[in-house]
Amino acid sequence: LMRLGLAAQALDPFVRAARVELEREVQAFNETFFLVGARAGRLFVLDKVEGSGLLRAAPNIGSEVPVETTASGRLYLGLSPATLAADAGARVTRSAIARALAQGYDLNQGEWIAGLTVVAAPVVALGRMFGTVACGGAASQLSGARLEEAVRRTREVTARIVQVLSGQRGEQSKGQARAPARMPKEMARAGARSSKEPRARART
């Protein structure tokens with residue numbers, strides 16, 4: 001494990017900007033929310049706020065997140081592949097990456113951890129990808145209408161964090177929800193190109 005813990009929480013601007021929003025969403029939705037970010041070419045859990053359920057399979061702070069079998073990994077391959085190791089995502093299909101980009105989020109339903117469903121959405125601000133926000137829950141509970149709500153809430157949390165990172169959060173009432181922000185056009189185009197370009201680590 002990469003031991004980030006308190007050091008990441010104290011120094012990382014993404015973690016600082018997101019912490020209050022994650023706590024607020026966990027209190028409202030009662031599922032676990034966590035942050036994923038790229039460090040030294042790999043993905044790690046940077047922070048985590050747990051819901052009150054009995055699920056213990058969700059990854060801990062500092063755990064490595066595999067690129068090839070996670071929603072966060074597919075989003076990184078599409079939006080910020082240069083931050084990953086050269087051989088990351090060799091078995092991820094271009095169609096899976098393109099689908100994640102088109103949706104603006106991605107799902108992981110037991111691909112990484114059996115019985116765990118995860119929704120992830122990218123945090124893109126100031127022309128760069130800071131990481132992803134992920135909502136995880138037991139597959140038996142996070143399905144149907146509740147899964148749809150998890151997608152909505154994850155994207156809304158992401159939009160609020162983008163506002164904080166961009167210095168725009170103070171312009172709105174803190175209790176007012178906002179529709180998920182669109183990613184910058186230049187980054188969307190770059191992501192679309194990266195998912196189409198032939199490369200060793202993506203297959204059709």
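Among contacts in the protein chain (heavy atoms within 4.5 Å) between residues at least 6 apart in sequence, 61% join residues at least 24 apart. The model is a predicted one, in which local features need pLDDT of at least 70 and side-chain atom pairs count only at pLDDT 80 or more, while totals for chains, interfaces and linings use all residues. Residues are numbered from 1 along each chain as its sequence is written, and side-chain values use heavy atoms, with hydrogens and water left out.

Start with the whole chain, coloured by secondary structure. It holds 6 helices and 8 strands, taken as DSSP runs (H or I of at least four residues for helices, E of at least two for strands) and numbered from the N terminus. Their order along the sequence is α-α-β-β-β-α-β-α-β-β-β-α-α-β. Of the 204 residues, 51% are buried, that is, under 20% relative accessible area with a 1.4 Å probe, protein chains only.

Next, select helix H3, residues 71-79, where 9 of 9 residues are buried; among them are Arg74 and Tyr76.

On one side, follow its antiparallel pairing with strand E5 (residues 106-109), which runs over 4 bridges; two strands pair if DSSP finds at least two bridges between them. Within this pairing, leucine 107 has valine 119 of E6 as its bridge partner. The E5–E6 hairpin has 6 residues between its strands, and glycine 110 in the turn has a positive phi of about 75°.

Then select strand E7, residues 128-138, which is antiparallel to E6 and joined to it by 10 bridges. Proline 122 can be found opposite threonine 132 in E7. Between E6 and E7 the hairpin has 2 residues, and leucine 126 takes a positive phi near 55°.

Finally, where is there enclosed space? A cavity here is a set of points on a 1 Å grid over the protein atoms alone where a 1.4 Å probe fits but cannot get out. The count comes to 1 cavity of 30 Å³ or more, and the largest cavity has a volume of about 60 Å³, the space filled by probe spheres set on the points. To display its lining (residues with an atom within 4 Å of a point), select Phe34, Val36, Val65, Thr70, Ala71, Ser72, Asn108, Trp112, Val118 and Ala120.

Conventions
Buried means under 20% relative accessible area, exposed over 50%, partly exposed in between (1.4 Å probe, protein chains only). On a 1 Å grid over the protein atoms alone, a cavity is a set of points where a 1.4 Å probe fits but cannot get out, and a pocket is an open set with protein on both sides within 12 Å along at least five of seven lines; lining residues have an atom within 4 Å of a point.
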